[in-house]
Amino acid sequence: MLELKRALDAKGHCLLEMPSGTGKTTTLLSLIVAYMKAHPLDLTKLVYCSRTVPEIEKVMEELRKLMNYYEKEMGMEQNILGLALSSRKNLCIHPSVSKEREGKVVDGRCYSLTASFVRARHAADDATPICEFYEGFDAHGKEFPLPPGVYNLDDLKEYGQMKRWCPYFLARHTITHANIVVYSYHYLLDPKIAEVVSKEISKTSVVVFDEAHNIDNVCIDSMSVKITKRLLDKCSNSITILETTISNMKENDSKRLEKEYKRLVEGLRDATIARETDMALVNPVLPSEILEEAVPGTIRTAEHFVAFLKRVVEYIKTRLRVQHVVQESPAGFLRDIHTKVCIDRKPLRFTAERLASLIRTLEISDLTDFSPLVTVSHFATLVSTYTKGFTIIIEPFEDRAPTVSNPILYFSCLDSSIAIKPVFNRFQTVVITSGTLSPLDMYPKILDFHPVIMTSFTMTLARPCILPMIVSKGNDQVAMSSRYETREDTAVIRNYGNLLVEVAAAVPDGIVCFFTSYLYLETIVSSWYDQGIIDQLQRHKLLFIETQDAAETSLALINYIKACDNGRGAVLLSVARGKVSEGIDFDHHLGRAVLMFGIPYVYTQSRILRARLEYLRDQFQIRENDFLTFDAMRHAAQCLGRCMRGKTDYGIMVLADKRFSRADKRSKLPKWIQEHLKDTNCNLSTEECVQICKRWLRQMAQPFSREDQLGISLLTLEQLQSEEMQKKIQQRAQGVSF
Amino acid sequence: MDDYQTCPKCKTTKYRNPAMVLMVNACGHALCESCVELLFAKGSGACPECKCPLRRNNFRVQLFEDPAVDKEVDIRKRILKEFNKRQEDFPTLREYNDYLEEVETIIFNLVFDIDPTNTNKMIDNYKKENKDITQKNRNRQSQEEMELEELLEAEKAQQSEKANLYVNAELEEKKQKHKAREKLIDELMFSDADAKSIVASHVQATAALAKEQPKVAAQPSSVVVKSSKFSSGVQIGLRGQHTNAFLPIPKQEDLPLYRYTAPVFDYDGPPPPPIEKLGKLNYFANIRAANITERAGGYTEAMSCCRALQEALGGLFYSPQLTHKTAVLATNSSTQDTDDMETT
């Protein structure tokens, strides 16, 4: 809190690593809310970004608790409005639209019911369907702001039902005056969405990125485009649709096209201020780079623009017809497209905007079919805007199946700082936090910013409730490692199996294992089956496996939890970087031990990764190995953190690879794990590991009451105010910040 | 790939004859290579679809999936050779855009055979009117092209530089390793020292070398990244320069914390009255008051008065014989005296 306060005072950015399950969210919320109350002019808004919908809900729950506490202590209604925002899919209450499963379909159908031209048509002709909820909101909702309080997604829906207002647009509208907004990363980082949703958030806001250990990847994904052959074929179809619509419109209603044309000639961006419902297509380029200029003459008329699009698509098709992998820079691409099909850079830059304008003019209400074309237009705009930090890779086939032709064009962003830069520039304080951010100095480098505070916190614990160990060899003294050279070695696989069997015999309830990849998981499980290890394992616990299929995995998870709850005990085999490793918590008996088999390096042969590593090396002087190790260790730490969700929880963390004990890997673990990783536990064999486990579990199984924690990890108000404690806190605060 | 491509004349598909190559001519209709040879054996003939007269020499391999695009690109290239005015040739952007649209319309008309007589007339007119500019522009690269060229060149230069750097670094490393090993063997052969200690010192030396090595490799390249501009004038390529100035946050784990201690002045005299009290003690009676212009700059008479008093009183107790401590004692005792004096 002290560090956060300093950062807020300094109006600078900060990077905080806080162990999971220690009340990270509550801490952030309570301090920032208190700060907002104390300095209402310096800090007007809190934007809290989380990753998934359940996480957003969790934050809202914490906020509600905090507000209730305020009310109880201060005895009056608090004048603070907090709300969660999600996509239309999660907020729609229209009886038929909300039944749709896919987000894109919901967006498209919503657009077809609420776009301004549809509503204009409805005014003339009652048969045109519109959304009554949006109409209700439009008629009354704007004058009456949401009363103060805390609204999660369900509350918004309920409120919407009651008033017959559309909750989605209500939430979007309310963002401008809400004190606390909770939503997903993409609403700020993805320029396509940020432009629409987060444009009006003032500078005096504080932005919190929670669970931000993957933030660089989110940034990169938001600026990258992937084009396949199928997508291009769909594009051709959409272009034909555009052509016919244009010719129809020319015959029936040529005025509208003329109007658009005139507007473009005048160089007015959007003469009619775009209504919120009409913003279905947007520019993928960051706000600072958008041109304030008229659309070039080559693509001014609708027919010319469609012909232009056709040329672009055909050109990309020819590029996809390669026989070998091609990698080139945006500059090379631009030159080639100029010589082959005579397309200049400037009209290319306007593609996304021109397409949006055309679709608006044509009053096409069903947008779902056009998404491939939109993707291509984004690509065209991005490639002509950014010449640095991007690369184009064309692969004629996948590496795993070189005979099957499946050409893909990757337009890949290499520099994660491009997407996040506007966020850092725009807001006075950006807080990046997670349970696993170590090594901390990597993030400022790859995101290219200067934090004023950069801290890793540890836990104050009444008992040593985590037990990290590095197991480097089996009972037969063969080194355990997932190194590429030894991963097929039966001795290594057998040793991994024995380790799991022996740990499963000693540890009660649930055990979670992480492998480096799905492929590795499958090969290991199949050879365990041959070696009879699976049978041995099933004598102790039930076995569940995570697969790439999300439905299958969630079924496995449900049954895993069931098996743990009724005391049978279970083992879950999953994959680092998979769904289980990100965002699913195994608290208390669900995860008494985590085993990490091997170091989860990324697939290093991927060309996109290679290109990114090269870029990092050239631009930021980060060596390839440093980045790979950093990436592997943050994922390993993320997996280990799954079993530790609070102070009363306890769990074993086994790192089963010889390479973990090297200084460069060990030092990259979060501080709160390193603190408990003693030197004596760094080079164990299976047998020693089990011995230590047993002793430790006996100690942990003793009754643990509130009184034990009092004075150490739990403080009463008197204790907190006592001089001795104050001194201690002061000391720690100073020690920690450097 | 493209298995469904069919020759409209003989109905051969790419699937049945993988060697088939489709050709297009000025009319934009495709024919396979063998049909072209058959139909145009004399060197000229009519297109089997649109009956327009064609020459065999003008057949080219079809590049795009849609032959119409091939035709369009063909026409476009021809037209753009003539219509090659640049933005610099127009007084305003608006006029340039109008010109671009006109060109686009001409191409569009030619491709879809709309109003061919008028269009051709327009082209001829333009050719006549703008002969000079066309000729001039042919030899001149547009600003945009130049920018792209520049970028590509910089990229190339950077790449070769990098490659050299890494190759050199690697060679160097190898050389050094080799040297170190030779040295070790030499020492083991000729030196009288204990073999163990020699090996140990060698290990240390290599470790030290290994530490130095990465720094060499990680040095930023000397290639200066040119900052270029978008057509709007938005700067790009600044990032490269910026990153050179990037300051990693220093790790301060070992440094002791900075503590503020108030500086001690050796004043050696009775302390002057504080600046706030000068007015009350009636010191201003004897000096000129500050006028309006002086006050505007932040000057007040109190400042000079205070300064004068400090100068007058400082060093009064100084005597070379006394040690520092006694001097301080003396000042302490004398302060009380002066205080008393002033109050009385």
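This is a predicted model: local features need pLDDT of at least 70, side-chain atom pairs count only at pLDDT 80 or more; totals for chains, interfaces and linings use all residues.
The table lists the domains assigned to chain B.

| Domain of chain B | Residues |
|---|---|
| domain 1 | 1-62 |
| domain 2 | 156-211 |
| domain 3 | 275-313 |

Local features need pLDDT of at least 70 and side-chain atom pairs count only at pLDDT 80 or more, while totals for chains, interfaces and linings use all residues. Residues are numbered from 1 along each chain as its sequence is written, chains are lettered from A and ligands numbered from 1 in the order in which they are written, and side-chain values use heavy atoms, with hydrogens and water left out.

Chain B holds 11 helices and seven strands, which are DSSP runs numbered from the N terminus (helices H or I, at least four residues; strands E, at least two). Three of these strands form an open antiparallel sheet in the order 2-1-5. Because strand 2 (30-32) and strand 5 (60-61) of chain B each have a single partner strand, they stand at the edges, and one side of each is left without a neighbour in the sheet. Strand 1 (residues 22-24) of chain B pairs with strand 2 over three bridges, pairing being counted if DSSP finds at least two bridges, and Leu22(B) stands opposite Cys32(B) in strand 2.

In chain A, Leu717(A) lies in helix 32 (residues 717-721) and is exposed, with a relative accessible area of 55% (exposed means over 50%, with a 1.4 Å probe and protein chains only).

Terms used:
Domain bounds come from an automatic or database domain assignment. Buried means under 20% relative accessible area, exposed over 50%, partly exposed in between (1.4 Å probe, protein chains only).
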